[in-house]
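Q: I'm new to this one and would like to learn how to read it. Could you walk me through a few features?

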Amino acid sequence: MGLLDCCEVLFGTSNLYQVLGVEKEASEAGIRRGYYKVSLQVHPDRVPDNEQATEKFQVLGKVYAVLSDKEQRAVYDEQGIVDEESDTLRQDRSWDEYWRLLFPKITVDDIKAFEAKYKGSEEEAEDVRKSYMDHKGNMDRIMVSVLCCTYEEEPRIREIIEKAIAAEELPAFDAFTKESEKKKAARKRQANREKREAEKMTKDMGLVDGEDSLKALIQKRQKSREQETNSFLTDLEAKYCKKGGKGSAGKKGKK
């Protein structure tokens, strides 16, 4: 599956800018900040051993890699495609280590501090309103795209949207105002199922709930990450120290 198709499945949109929550005209710094914000919610340190979160994190790394490359971004902007055979996307790299190279000082405590500051802020409210517009009021997609958001916070997210609609800052999409109870119940069942799976994983690993559990999981994975770092540095050497020019464009992923 190509990058654009993966984005559609995991984030509800094949628009790379929407995946990072930025405008098409965003600066390089804006693209970087968007990547930072969105990747925090699925970073391996925040949701360890969660397969879907890991997959999202990897895809986000590829999205950023495309949009931070001037040539690839220009092609995407003009033609709506990405070069699936480019060195950036073909390399079997560790996107976790790639993230740490970009943001080397970020720790688990930093992630938690960001989450505490972000929730209830005007920045969050703005992101919720933007997500509402991007997804035309579809709460399934809104709840997935809003940063640091859990099912328990849906009433708060709904309140932000409802206030904006009442103030005529947002249109009243039927998908939101007329959402069926059946669809709401399905979202609740999905959230409860994911919660049970997380609790089972914690129990199976003999860990306690809360922050201690998170830190224990991180420590358990540290040795494997050290091995991944060596592999990642080898990838960098192969990319930047090889002789010759760029290869052919190869297959393209259509938007």
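Q: How many residues apart are Asp77 and Arg73 in helix 5, and what does that mean in helical turns?

A: Keep in mind that this is a predicted model. Asp77 and Arg73 are 4 residues apart in helix 5 (residues 70–79), so about one helical turn separates them. Their side chains meet in a salt bridge, at 4.0 Å from N to O.

Q: Is Arg73 buried or exposed?

A: Buried means under 20% relative accessible area. Arg73 comes out at 13%, so it counts as buried.

Q: Which parts does the pair Lys119 and Glu153 tie together?

A: Start with the contact itself: Lys119 and Glu153 form a salt bridge, with their closest N and O atoms 3.2 Å apart. Lys119 sits in the loop between helix 8 and helix 9 (122–134), while Glu153 sits in the loop between helix 10 (139–145) and helix 11 (154–166), so the bridge ties together parts that lie 34 residues apart in sequence. As for cover, Lys119 is partly exposed at 27% relative accessible area, and Glu153 counts as buried at 13%.

Q: With which Arg does Glu153 form a salt bridge?

A: That's Arg156, and here the closest N and O atoms are 3.1 Å apart. Arg156 has 25% relative accessibility, so it counts as partly exposed.

Q: How many salt bridges does the structure hold?

A: There are 20 salt bridges in the structure.

Q: Let's turn to the inside. How many residues are in the largest nonpolar core, and which have the most contacts inside it?

A: The general idea is that in soluble globular proteins, nonpolar side chains tend to be buried together. Here, the largest nonpolar core has 34 residues, and Leu16, Val63 and Leu67 have the most contacts inside it. Two or more residues come from each of helix 1 (3–11), helix 2 (16–20), helix 3 (28–40), helix 4 (51–67) and helix 8 (108–118). Helix 4 gives the most to this core, with 8 residues.

Methods:
Residues are numbered from 1 along each chain as its sequence is written. This is a predicted model: local features need pLDDT of at least 70, side-chain atom pairs count only at pLDDT 80 or more; totals for chains, interfaces and linings use all residues. Side-chain values use heavy atoms; hydrogens and water are left out. A nonpolar core is a set of buried Ala, Val, Leu, Ile, Met, Phe, Trp, Tyr and Cys residues joined through side-chain atoms within 4.5 Å. Buried means under 20% relative accessible area, exposed over 50%, partly exposed in between (1.4 Å probe, protein chains only).
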